[in-house]
Amino acid sequence: MLEQEVKRGSAEMLILALVEDRPRHGYEIAKLIEQRSDGVLQFHVASLYPLLYRLEKRGLISGRWVEKAGQRRRRFYKLTAAGQKILNEQRQTWKEFFAALDRVAGINPG
Amino acid sequence: MPDWSDEIRRRISVLDLAPVREAEIVEELAQHAEDRYQELLAERVPEAEAARTVLAELVDDRFMRDLRRVEPAVVKEPKTLFIHMLVQDVRYGMRTLRKQPAFTCVVVLTLALSIGVNTAIFSVVNAVLLRPLPFPQSDQLVTVSMANPQLGGDHMPLSVADFLDWRAQNQVFQDLAAYTDNWFNLTGNREPERLKGVWVTAGFFSTLQAKPLLGRTFAAGEDAANADPIIVLSERTWRQSFGSDPQIVGKAITINGRSRTVIGVMPHSFNFPAADERSLPGEVNLWILYPLTPPTRRGPYYLRAIARLKPDTSLQQAQSELTNIAFRIRQDNPLTNGESTFVSKSLKDAIVGDVGRLLFVLFGGVTFVLLIASLNVANLSLSRAASRGSEIAIRTALGAGRQRIMRQLLTESLLLGIAGAIGGVLLGWWGISLLRTMGSNDLPRLDEVSIDARVLAFTALLSLVSGLLFGLIPAWQASRTGLSEYLRKAPQGRSGGPAWRRTRKLLVVAEVALSIVLLAGAGLMLNSFLRLKRVSPGFAPDKILTTEISLPGARYKEPAQINAFYEQLIDRVRNLPGVEAAGIGMSLPPNLLAMSDNFTIEGAPPGKSDPSSPVVIVSSGYFEALGIPILAGRNFAETDRADKPRVVIINESFAHRYFPNESPIGKRMKTGGPERPKNPWMEIVGVVGDVKYGGLDTAAEPAYYEHYLQDDWSDTYVVVRSSSEPRLLANDLRQTVWSLDKDLPVANVHTMEDLLSDSVARPRFRTFVFLVLGALAIVLAVTGIYGVISYLVSQRTREIGIRVALGAQRRSVVSLIIRQGMSLALVGAMIGLVAAFGLTRLMKGLLYGVEATDPLTFASITILLLLVSLAACWIPALRAAKVDPLVALRDQ
């Protein structure tokens, strides 16, 4: 139960973070999340894309169809300026949150 | 490789997104799915499992809810929304149907067959009954014929005297004409040809207001006795016999030995009078002006007449004038015109005749076929809809209203209906060409039958109706399924509950009932036809060869010339090897009657004369060759020549009617009726057996025979009885004729068996059509029964398993299933029989020798249907018997 809520709460940030350094497409994002979290966090189609679309609607990421030679076109998402701002805020929020948790419950996110 | 786009699109279509956005999402998700799939394959996951995994991860309820929150549904104008949804439904429907090719093919084929027969028959109804005749203002055209209530005839031909009197006294017709058809010999061209032609009076073409292709047609007054010999050709004759000669107009050609001038050519579209049962078969090749010499007596009677009403004159007014004219003629000629009067009928009615009844019955028949087919398809659709329960349940859960789902299912049904209609039009077109080749003697105006706009509209309507018919029931049933209700059911129950079962049973019962009605019709036609074929023609028809000879008037002017030719011909033919007997006659049984004429019996009080009775001029060998028995007196002899006392032979019916209590031998009669007192008396020297000249389905009528040497006639049939296969004599016969006259065409060499067969060509054709419909009905009904019984068996698998496990014999399982199936068939049969009882009365005029409610026929077809139904139940029953109780009980 907690996991679900935590996942949902952090999902936005995960995505914003992943497209921070370069544009990525949906499948890539899902795979990265799985790999970098060592399988703890998994996003399937059903959970990923509504999220992407919501972020896009809020203007935090922007999607673009890119066509490469010899391949089908793919939709790449990159971070917008507004998205960067939100990402920074959220990072800050989470840092403070975990610091508080640590102080109270003794977890070490380090 | 699975089609992710399809699957995704199908699932999110319910959200009604803007098309562009939807396409984008589908594309993106499909790529993700593909990438995931490849990833799993790379991990050596089996394909099927990989696909399942991907599908499971694809789209679920939460996705839809989340997406709904993000992506707005497109709010459109109600009009465009409707079109948008319609387009969606159509695309979705086509995809779903493509995925189930077996179902789609069976349904489309079933519909195509039933719509096809409907299209074919309706095209005929359209051309024959609905469309006006191809003449300007054709509703003004009428036929005029003679009726004599005493003799029971009402389409009897007129005589020249009748026509001239009518023409002189006419006030109500703006134009009138008379005609009669005949065979003509064309010589002096490439080779001697025998052509069908029509003698016409001058007003013929102007009455019909028919325009020629080339030249002109006959003008009023050109048919006087000393008329120029002029002639009009048909387009086909002009092209085929004269090589489309551009100088044809004004050219002289030789017809029957006389030179005639071609004044015009009629276009291919003009073919009046079209061949019917009272005319020579085939197309008209030429129209030849008939010089009307003033007659010296009332008879003989051989002319048919048409006329055009003056504008604003009704048929009733015309009829009353004709009745008055007839009355005046009767007053002037009491002895010959007895009770006869003139009758007129609209030309269209005359041409269409009683075909209207046949077409009506046929139309009913094909409607039944369509109903049965629709019921069959409804049954198939029900089982298909039942198996789509999961899809429908999910869609309902996702917010698709019941109406939406119904509309979707109905759209699929309509798509099937349209596909069936397209197939039906193609089949109908093929059916029409089949009808044209087979039914040319039976159906009038057959050359006008085509698939026109009205027929296409009719077909479209049919596909709509049938699509709704078989789509409505499953759609309604299916849309009632809710998701939770669906999930609650056991797997078996998922292909339908008790409501489904009841509906399907009802459908099958209805199918069987309709089939019985159709089969009853087919059975009655078949029975009637077989009886007709078994009718005795009055003589021995085997081993007889016949041919037609028509001596051209130019070279055979004198009776002596005609007699000499035939005498020699008969003599030479008789001496051919293999010939047992040979003769000539101007008419042939069963239906080739050339002429009727008046007669008077010596001593009979005036007024007891028949205006007309078949008279046949024959040689003595005629009776022998045909096998007509001589019942009293003697045959003609070669001594009965022109300079000897005149003799006549009568048939049995004549003797019974006019000499009921005495022997007719030695009595005297004369032809030409009482107005020809100078005609010689003829002594009755013999009585022969009856043969039919009016067709096998008529009663033999009184007829009398004259000897050819005493009364010449230039057109005859040669009749030859062979000791073996008659066809072998054909060549010898031709050579014999040509040995006497090399320019004489020898036409229509047929065996008598062929002629008998041709005479029943009409009923044969009708029976054939009915049998086709009956066969279709049986096939459809039986597949329907098979389908339902199989389905019911699958529903009861568990129960059967239990029974077997508890010790029931395989045999009792089989009988259980068969009882279930046969009870449906029996109920359907009983309902059908009751309906058939009422409906087959409509066929009364089409049947010969069989009651419309003939119990033997009804019993036979019922037994047939029940037997076939039994076979249809057998296979599922055997399958049921093989049910392994362990498997059945395990299957949850």
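Mentor: Let us start with how residues are sorted by class: Ala, Val, Leu, Ile, Met, Phe, Trp, Tyr, Cys and Pro count as nonpolar, Asp, Glu, Lys and Arg as charged, and the others, Gly among them, as polar. Please keep in mind that this is a predicted model, in which local features need pLDDT of at least 70 and side-chain atom pairs count only at pLDDT 80 or more, while totals for chains, interfaces and linings use all residues. Residues are numbered from 1 along each chain as its sequence is written, chains are lettered from A in the order in which they are written, and side-chain values use heavy atoms, with hydrogens and water left out.

Trainee: Which helix gives the most to the lining of the largest cavity?

Mentor: Helices are DSSP runs of H or I with at least four residues, and strands are runs of E with at least two, numbered from the N terminus. H15(B) gives the most, with four residues, and the lining includes Phe103(B), Arg384(B) and Glu412(B). By class, this lining divides into six nonpolar, three polar and three charged residues.

Trainee: Which residues line the second largest cavity?

Mentor: Its lining draws on both chains, with His25(A), Tyr27(A), Glu28(B) and His32(B) among the residues. The volume is about 40 Å³, the largest share of the lining, three residues, comes from H2(B), and the classes are two nonpolar, four polar and three charged.

Trainee: What area is buried between chain A and chain B?

Mentor: The size of an interface is often given as the accessible area lost when the parts come together. Buried area is the accessible area (1.4 Å probe) that two parts lose on being put together, summed over both. For chain A and chain B it is about 2,200 Å², of which carbon and sulfur atoms give 53%. Tyr27(A), Val45(A) and Tyr53(A) supply 31% of the area that chain A buries against chain B.

Definitions and conventions
1 Å grid on protein atoms, 1.4 Å probe; cavity = no way out; pocket = protein on both sides within 12 Å on 5 of 7 lines; lining within 4 Å. Points joined across faces, edges and corners; volume = space filled by probe spheres on them.
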